[in-house]
2 protein chains.
Amino acid sequence: MRNRFSWKVCTALSAFMVFSSPLYVANADAKPKTHYLAANSENVRWGNIGKGDPVLTVNSGDIVTVEAITHHSGDDYERMIEGDAGVEDIFHWDHVEKNEALRGPGVHIMTGPIAVEGAEPGDVLEVKILDMKLRPNGNEKYAGKTFGVNAAANWGYLYGDMAEEPKKREVVTIYEMSSDGVTDYATALYSFKWTPQTDPDGKVHPTIDYPGVIVDHDTVEENFNVLEGVKVPVRLHFGTMGVAPKEADVVDSVPPSYFGGNVDDWRVTEGATMYYPVSVPGALLQVGDPHAGQGDAEINGTAIETSVTGDIQVILHKKADLNKKLNNLSYPLLENENEWVVHGFSYANYLAELGANAQKDIYNNSSIDKAMKDAAFKTKDFLMKGMDLTEDEAYSLMSVSTDFGITQVVDGNWGVHAVITKGQFGEAEQKTVGLRSAFESFGAKVRWNTPTQTVTISYNGNTLAMTIGQTTATYNGEKIKLTAPVQLSGGTAVISDYSASFYQSKLSKTN
Amino acid sequence: MRNRFSWKVCTALSAFMVFSSPLYVANADAKPKTHYLAANSENVRWGNIGKGDPVLTVNSGDIVTVEAITHHSGDDYERMIEGDAGVEDIFHWDHVEKNEALRGPGVHIMTGPIAVEGAEPGDVLEVKILDMKLRPNGNEKYAGKTFGVNAAANWGYLYGDMAEEPKKREVVTIYEMSSDGVTDYATALYSFKWTPQTDPDGKVHPTIDYPGVIVDHDTVEENFNVLEGVKVPVRLHFGTMGVAPKEADVVDSVPPSYFGGNVDDWRVTEGATMYYPVSVPGALLQVGDPHAGQGDAEINGTAIETSVTGDIQVILHKKADLNKKLNNLSYPLLENENEWVVHGFSYANYLAELGANAQKDIYNNSSIDKAMKDAAFKTKDFLMKGMDLTEDEAYSLMSVSTDFGITQVVDGNWGVHAVITKGQFGEAEQKTVGLRSAFESFGAKVRWNTPTQTVTISYNGNTLAMTIGQTTATYNGEKIKLTAPVQLSGGTAVISDYSASFYQSKLSKTN
């Protein structure tokens, strides 16, 4: 009972604090725990998102280091599976044994579910992405590198519409990133045209029609002269993250919907916060499909699909305590330092709207036009509810300052997102707070070095050193990009409330 | 003959220089002239873009200061027409006289046409936007302010789909900007619901169905409590700019197409360069529909519609000398410091594709899905032709790093644009050049001040002062935003080739 009570206090506090004051008071009973969720065949499900036994149960406020593995690793076994025990375990499939026997109806390897204590339908689950790191490949031969796959696949937007023959072709491009965080770009290493591949059960896959088939490189022609000199900007993000929907127990991981899932917005990255409506007890958060780079539209069917380990903090907002932005939330909502991002889909809830065969029919109903309509209505509602605007004010602001983009045209339930900048609302959405008091209020030690204009914050064994005006900082000795630089205001170091809250969370991780 | 010859040399030189070396050599015969094109009833056409007698003829390389006037000025006569002789002249309409009698079939006031000497079908016209300034209102009562109009109009995306009654309503919001360049945001001043308005000929306009009707403010209810505290970021741009199409003499100014026109991309701003395929002799450039702020989609039908004076430089690229990016260009292409932007539409050339009734039928065929397909094909072609990529390389890059956005859903021929970053191609698209040699090569005087790290460039009576690493500079004593900051590289001040070319053009204006 005591724990239960403390947890409720913490939840209510954090619900309040997120939008009014960013910092919640440290509480001995509610101090966040840090969990480690490794990727292995015990801790993942393959191809679906939904209900099921949790592999981890956490309290609101806890931090989870979660390993997420790309389902495209089989395209280059040597570079993306070999020597990595967790990935080998997930992909293991020979004529005797297939560790992940149940794959489908979708494709993604989802780590989880993670249950959140006390989460109930009607609540909102906040997920802060505190850190994302490329997973180094496990093969000594390629030490220090991480590889990723872009597959121009049969579900791509121009499949069959190519100019050159064969018009219906699938081309896999292997990209390479350094995993020491020094470079922030990917280069193409080689590409090959997909040829029919035979799985261990003897089934032939003429196209990329089943996840985890290991490509036999004796059957493909590797072309190493590909995209020479091109350095693709790295945008690390989770392509697929969300909670279990209520409409079905096992749901195709491909079409995104109100519960999140395969949203494929590259903005779901370190420094961002996602809000998902909870539909089942425990929420059942699932994380997967990591990407190293993707453009809005994800036009050929995939991003740079790679494996990533992330630190996420999960915060439960109880239905009774929801603020005006989260009350009756019916879609995955993104927040970052400068933006709110509303996600629309061809069908806001395709599982409910399309009936018994929804999971098949959605693929015959893909439409950007429909997704735009959905995004438009959601954005208007968000501005009215969340920003206290009248309908006419909201509609004007949607026209003069809101950017609508095409999230993806390859996931069945196509996406359009609306980017609303916080800056235009001034202090209402971007408050600055005194850096020292913000961090000292929860017990962090703040030191100021005048000659170097550097502030060093220590908490829970972690150290963050930020220099006035700089966009990069040092976190436990490693260089990181800040959500926003620290500024001087009237001689005082200040930071946005979003950043203060974000770095409090980041510093709360126990190593 | 002599001039003709010189002009050809200049054209060929500039065609070469734009993409290989940014600076073309000053040539006494080819020295660009600066023209002033005032907005008045002589120099504009209203509601259409197309063929017609030019109001100005220029040589390739010439700079034109062009006044562009918003067709929405009548929504607040006192703040947007009164006291401004040019605007009064254009809008003058009483029972005796209507200065601009022929308005339609579209709505925009287009300044021009500007003929370019020697332009022929198959050539490409480059338009560099060197400067854009808000046009101060002419009424002393509101000195120093510029006003703009956002109309949630009957052609808006959610017209009839509003939640509150009456669902079909048109709401006009008047925005206010300071025109001294100090503030870079707009605030809403007041709004009113459109009521039936009677024009000087006695015709009643129950909706916004004809441009230039002066709203009788005794018939509307002004609401001054609108968007309080909201500061909309200013994004000055030309909503409508383009050359005359070949398919018809008089073309509705609303639907954009291969010839440009009402593209409504807020990236068509100071520092950007547009490329248009020339379809008729002289090219016949037309400029209008200035905006102070717009989001991608322009969802309610309009931006912040205001009046702007711009400096543009027009450079003709002859068909025989077109580089690989411009060869066979079939759509309005945008370049800026960091990006190439490809514009797709529901119909790439609706005038040709939809037949005799194209100008009516386009409004029944609006679709983002169609525009996305068009943008996808154009982007693939651009990457293959312009960046020398194979089809498979282009398709991969479109997925992993190209952002597709929704340009507008309100102009009949709806738009999707693709943003391709130059940085990923390295030196191939973003070369740096030594600042001193770049500017001295065409005769500018370059002075370097070590203590302040400032470089001052003087040419043709203009002075540009830039400080290393800073994003703002001083141009003839006024603060401006730079396309990119000057950097130090090995002790030498460097600048991108795009910026060097851009500021050479800007300095070439004769005041």
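1. Across the interface of chain B and chain A, 53 residue pairs are in polar contact, both residues being at pLDDT 80 or more; a polar contact is a pair of N or O atoms within 3.5 Å, where within protein one must be able to donate a hydrogen and the other to accept it, and residues adjacent in sequence count only if both atoms are side-chain atoms. By class, the side of chain B that touches chain A has 34 nonpolar, 18 polar and 15 charged residues, with Gly counted among the polar ones and Asp, Glu, Lys and Arg as charged.

2. The model is predicted, so that local features need pLDDT of at least 70 and side-chain atom pairs count only at pLDDT 80 or more, whereas totals for chains, interfaces and linings use all residues. Residues are numbered from 1 along each chain as its sequence is written, chains are lettered from A in the order in which they are written, and side-chain values use heavy atoms, with hydrogens and water left out.

3. The rule finds eight salt bridges across this interface, a salt bridge being a side-chain nitrogen of Lys or Arg within 4 Å of a carboxyl oxygen of Asp or Glu. One pair in a salt bridge is A:Arg169 and B:Asp392, whose closest N and O atoms are 2.9 Å apart.
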